[in-house]
Amino acid sequence: DEIHNNIFDALCRLVDLVVAKLPQLHHHEDSSAVLDLLPLLRSLSLGFDKQSQYHIKHKEQPRPIGSVSQLSKFARPIPGVPKQRNGDWYCSTRKVSVKDADGCECSKCRTPDVYCWLAYILNYFGQTPYGNGYQQLLRILSHPQKLLPAILEAALLSISKASEFLADELAEAFLEPCTRILKYLEDQLERDVDALSDTTKDGSFGALSMIFRHLQAIISRSTSVEAAERMVSVVQRKMVERMVGFQSFNKQLSAVREINKLLENARSIAPRDSGHSVLTTIQWLEKNDILGRVLRSHLHHKQYVDQIQKIMSFLLQEQCLSEDYLDVIWAATEKPDQYETVRANIFDLIADLARSFSSKQLDNLFGRFEHIQGRPIPDIVKVLTLVKKLAQSDTKGVMASRLLELLWNMTLSGEASGEILETGALTEILGYYGSINCANKDVYISRCLTNVKQGKSVVPSLRLLRDLIWLDNEKQFYQASKVCFYNSSTHWGRKTGKENYSEFVKR
């Protein structure tokens, strides 16, 4: 208890220190004050975070022992909920009988308020010996042009963490500065994008992205989640449109990340606005050809392609992914001078997306696979690896017959090289589908024997037959196949009855 009381006192001293130093931000030329305040504001946001272990531990405890009484002018704890009752009861506070359907709002008929310790700290922030911290933040946030993106983000973070507890009047007071910040960001995106970048060597835009997130949380406190999303998403889209217009990798990576955040926000409020935000965002993507633009470059970066995969998966789930985009990424693998890293990333991307393909999209994909013959061997091997991934994700065996027939044609083709046979793709996938009762190995063993007897694709057929038999030699077909395979040795001029079967299969 003493340790936790000391932590509480330390939080109060941190609040004092931040409030005492906030006025220094008005003197923009004092760079040392800015550097000092950044870690202090980040620490303050931890002290305001109800998800911190410290506040979770004291969630149901009343005001700390020894703390000075204060007015709950700026913040309040989260009210308790009505106690669970079975039937009607007598309220000793109101001295009346209460029906279960009506309930009672008095303190004795509800559970105690929660997060009282945090509410105390938030109230203290507004009435420290050094001034009102909320007034200081309101004054600072009203002039965003004077703040570095990192400082602006840290200040908004503290308010966003506290917004749930703030009094209605105080929460509404932050609406006007937030609107001003959005206008400033929109203007700055037009004038000087780089001014909004992080002060790091790579010049990324992580702080700007987090500013959007904090603004949405603060605005929604005094309006609604839907209204906040509409206000903030306008500027987010402006950011994306500007970033995709540059060749810089960091700018385009920031753009695809922000697209995903836009889509996540839209989906999160879909139950509230009947999917209007989702539809609006998708229409914006299509109208400005955003996805087509981000697919033109940087596909050799795995983290970039991973972000694109999330966007395309979202569109697939909404049944809005145009076949044109799939044509674009497949065409990128067909370029003779394409980097191998790009091909590998695209094949991985297709494997992830194919799990959500419609029947028509799967048909088109298989059509592309069927025309793979004639391409370089490394490309065919990558496609076989892609096919294996598709099969492993096909837990219901929907694609079993189509995939196995495709692999049969690719593997048993007279043009199949040793590298293709070495992949063992057909054997592996047939074994997988056999394990979930979606394919029968006996059928393919019979097809191999027929090929050998007819002199068609003899070497690939023998090799596949060997692999299929070794795949599971406990089955009843093993002995029968052994005899048939043994007799087929006449095609190789071997003497029946004298050849050791195991040695023959190995050869």
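The crossing of helix 10 and helix 11 is left-handed (the near helix is turned anticlockwise from the far one by less than a right angle; clockwise would be right-handed). The model is predicted, so local features need pLDDT of at least 70 and side-chain atom pairs count only at pLDDT 80 or more, while totals for chains, interfaces and linings use all residues. Residues are numbered from 1 along each chain as its sequence is written, and side-chain values use heavy atoms, with hydrogens and water left out.

**Exercise 1.** Determine how the axes of helix 10 and helix 11 are placed, and which residues make the contact.

*Solution.* Step one is to locate the helices: helix 10 covers residues 225-243 and helix 11 covers residues 249-268 (helices are DSSP runs of H or I with at least four residues, strands are runs of E with at least two, numbered from the N terminus). Step two takes the axes, which come within 9 Å and cross at roughly 155° (lines fitted to C-alpha atoms over the stretch in contact, with angles from 0 to 180 degrees between N-to-C directions). The pair is therefore roughly antiparallel (over 145 degrees; under 35 is roughly parallel, 65 to 115 roughly perpendicular and the rest oblique).

**Exercise 2.** Describe the packing of helix 1 with helix 4.

*Solution.* Helix 1 (residues 2-21) and helix 4 (residues 116-125) have axes 10 Å apart, at an angle of about 25°. The two helices are therefore roughly parallel, and their crossing is right-handed. On the side of helix 1, the contact uses H4, N5, F8, L11, C12, R13, V15, D16, V18 and V19; on the side of helix 4, W117, Y120, I121, Y124 and F125. This contact divides into 11 nonpolar, two polar and two charged residues.

**Exercise 3.** Describe the packing of helix 20 with helix 23.

*Solution.* The axes of helix 20 (residues 400-411) and helix 23 (residues 441-454) lie 13 Å apart, at an angle of about 25°. Helix 20 is therefore roughly parallel to helix 23, and the crossing is right-handed. From helix 20, L404, E405 and W408 meet Y444, R447, C448 and N451 of helix 23. The classes are four nonpolar, one polar and two charged.

**Exercise 4.** State the volume of the largest pocket and what lines this space.

*Solution.* The largest pocket holds about 440 Å³ (on a 1 Å grid over the protein atoms alone, a pocket is an open set of points with protein on both sides within 12 Å along at least five of seven lines; a cavity is a set where a 1.4 Å probe fits but cannot get out; lining residues have an atom within 4 Å of a point). A volume is the space filled by probe spheres set on points joined across faces, edges and corners. Among the 16 lining residues, R213, H214, Q216, A217 and N265 are the closest to the pocket's centre. Helix 6 (149-162), helix 9 (206-222) and helix 11 each give two or more lining residues, and helix 9 gives the most, with eight.

Notes. Contact means heavy atoms within 4.5 Å. Ala, Val, Leu, Ile, Met, Phe, Trp, Tyr, Cys and Pro count as nonpolar, Asp, Glu, Lys and Arg as charged, and the others, Gly among them, as polar.
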